[in-house]
Amino acid sequence: MHGPNPAIKHPIPMHKRVGFLKSLVDAENIEIGDFTYYDDPDGPDLFQQKCVLHHYPFIGDKLIIGKFCAIAEGARFIMNGANHAMSGFSTYPFNIFGHGWEEGFDLATWQQEVRGDTVLGHDVWIGMEAVILPGVHIGHGAIIAAKSVVSRHVPPYAIVAGNPSVVVKKRFDDKTIERLLTIAWWDWPVDKIGRNLKAIRGSDISLLEAAA
C-alpha cells in the first residue's frame, strides 16, 4: 500500500488529463507538495503557463501549494505582478511603456500593493475555474467552490463560494478541526498513509487519532 510514485508526471496511464504537478512545474518561485494534481482535458503540462498568471521572479512572491491538493480545470492563481498602483488618481501603468513615461515613477506606490506569497495548505480542493487572488492563504482541508473568486484568507476545513467568496460552512466542528490539524496525516510517511486509508477517508476522528 505504498501508493503511486509522486514523481510520475501522469499517474493514471489511461487518463492523461491528470498530472502530479511537482514533476510538471520547475519554476523557482513555485513550490508544490507530493501528490498534488491538476486535472485538465488539454493535459496538465501547461499548468504553470495557463493557471499561474502575472508571476514574475523579480517581484519575489511565491506560489506555495501543499501536499494532496486537487486542482480542477481552469483554476487561476493571480499573482502580485497583476497589481497596479492605486494611491494616485490613475491606476494606468504608464511607466511600463517607457519612452519617457517611466520618469518620475515612484516604485513605492506599486510595492505597497504587493500582498506576499499565495499559500495553499494540504488536502485543499480547488473547484473548476476558481480564481485565487494575490497573497491569499487557504487553510488545510478547505474546499473552494467552482467559479469562486477568493480575495481573503480561508480558514482550515472551510467551504467557500461566490464572488467575492464567503465561508458557506465549516466541514467539521471546531474541536474536530483542531484534532485534525494536530493529527496532520499528510505529514505521515507514505506507507503509513497507505495502511490507514480507511481512517483518512472515513469520518471517525477517534479511529484516525488511534492510527496516528
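Tutor: Strands here are DSSP runs of E with at least two residues, numbered from the N terminus. On that basis, Asp61 sits in the loop between β4 (52-53) and β5 (63-65). The model is a predicted one.

Asp61 is buried and yet has no salt bridge. The nearest side chain of opposite charge belongs to Arg115, which is 10 Å away. What Asp61 does have is a polar contact of 2.9 Å between its side chain and that of Asn80. Leaving aside residues up to four places away in sequence, Asp61 touches Asn29, His55, Tyr56, Met79, Asn80, Gly116 and Asp117.

Now to the charge pairs. Side chains of opposite charge can pair when their charged atoms come close. By the salt-bridge rule, the count comes to eleven.

One of them joins Lys22 and Asp34, with the closest N and O atoms 2.8 Å apart. Lys22 lies in the loop between β1 (18-20) and β2 (30-32), and Asp34 in the loop between β2 and β3 (37-39), so this pair ties together parts that are twelve residues apart in sequence. Lys22 is partly exposed, at a relative accessible area of 44%. Asp34 is also classed as partly exposed, with 24% relative accessibility.

Another salt bridge links Asp191 to Arg195, at 3.4 Å from N to O. Both residues belong to helix α4 (residues 190-195), where they are four residues apart, about one turn of the helix. Asp191 counts as partly exposed at 27% relative accessibility, whereas Arg195 is exposed, with a relative accessible area of 57%.

Asp174 and Lys170 also form a salt bridge, their closest N and O atoms being 2.6 Å apart. In that pair, Lys170 is partly exposed, with a relative accessible area of 45%.

Salt bridges also occur as a network, which links Asp40, Asp42 and Lys50.

Asp34, by contrast, is partly exposed and is paired with Lys22.

How values were computed: Residues numbered from 1 in each chain as written. Predicted model: local features only at pLDDT ≥ 70, side-chain atom pairs only at ≥ 80, totals over all residues. Heavy atoms only, no water. Buried < 20%, exposed > 50% of the residue type's maximum accessible area, 1.4 Å probe, protein only. Lys, Arg positive; Asp, Glu negative; His and termini not counted. Salt bridge = Lys/Arg side-chain N within 4 Å of Asp/Glu carboxyl O. Polar contact = N/O pair within 3.5 Å; in protein donor to acceptor, adjacent residues only side chain to side chain. Contact = heavy atoms within 4.5 Å.
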